[in-house]
Amino acid sequence: MAMKIGVIVAMDKELRQLQQLFSKEQVMVSKCGIGKVNAALGAQRMINEFHPDCIISTGCAGGNGDDMNIQDVVVSKELTYHDVYCGTAIDNTTQYGQVQGLPARYQAAPVLLEKALSLNCRVHAGLIVTGDWFVDSQEKMRAIVDKFPDALAVDMESCAIAQTCYIHHVPFISFRVISDIPLRDTNASQYHNFWDTIAEHSFQVTKNYIESLER
């Protein structure tokens, strides 16, 4: 039986890019909307209605790192929230970014990560952090990196989808194309330029990845 793959994106412009690339019934591409609540609801809906063998969060993200470039791909070796803090009043082992009672960091499914690292393109594997911020300034990015210096990418959905998949025992990975490098940018100009001039072929690598899962 063919593997059923659920692909979740946040925005219409990401959805349009990916819908053009997939026509097979066993690959379901859906839009959840922006932010953590929309992402969790979208993942729950995907699990309830499509019953996928795995879920991939894809789309664009802001990148972090000296060797990072626009159109590189970051895959989640692990994920956490950059805007969650439950304190230590009840449990003094809870870490910044951790929802109390759940993992401090969600791990990508090893087989999905292995496939991503075998692609013939610039793939960086590491930490993706998620929060309800659009990172449109260097100051915002510095605030995140101060707490998570090992973060390779920042988005608004991936960890919420990871949490939902963790609860339902569905293998998960986030596979993100870098649209901007906030620490090298001002006023989100790189992000807007990405969608205006670069994005058209950026999600072909996502297609190549999903096709590698089907082999």
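A cavity is a set of points, on a 1 Å grid over the protein atoms alone, where a 1.4 Å probe fits but cannot get out; lining residues have an atom within 4 Å of a point. This is a predicted model: local features need pLDDT of at least 70, side-chain atom pairs count only at pLDDT 80 or more, and totals for chains, interfaces and linings use all residues. Numbering runs from 1 along each chain as its sequence is written, and side-chain values use heavy atoms, without hydrogens and water.

**Cavity**
- One cavity of 30 Å³ or more is present.
- V135, D136, S137, Q138, D180, P182, D185, T186, N187 and A188 line the largest cavity.
- That lining has three nonpolar, four polar and three charged residues.

**Aromatic pairs**
- The structure has seven aromatic pairs (ring centres within 6.5 Å; planes under 30 degrees apart are stacked, over 60 edge-to-face, the rest tilted).
- F194 and W195 pair edge-to-face, because their ring centres are 5.2 Å apart and their planes at 85°.
- W195 and F203 are stacked, because their planes lie at 25°, with centres 6.2 Å apart.
- W195 has 16% relative accessibility and so counts as buried (under 20% relative accessible area, 1.4 Å probe, protein chains only).
- F203, at 1%, also counts as buried, and F194 is buried too.
- Y85, Y96 and F148 make up one aromatic cluster.

**Charges over rings**
- The charged end of K4 sits over the F50 ring, 4.6 Å from its centre (NZ of Lys or CZ of Arg within 6 Å of the ring centre and within 35 degrees of the ring normal).
- K147 lies over the face of Y96, 4.9 Å from the ring centre.

Conventions. 1 Å grid on protein atoms, 1.4 Å probe; cavity = no way out; pocket = protein on both sides within 12 Å on 5 of 7 lines; lining within 4 Å. Points joined across faces, edges and corners; volume = space filled by probe spheres on them. Nonpolar A, V, L, I, M, F, W, Y, C, P; charged D, E, K, R; others polar. Phe/Tyr/Trp six-rings, centres within 6.5 Å; stacked < 30°, edge-to-face > 60°. Buried < 20%, exposed > 50% of the residue type's maximum accessible area, 1.4 Å probe, protein only.
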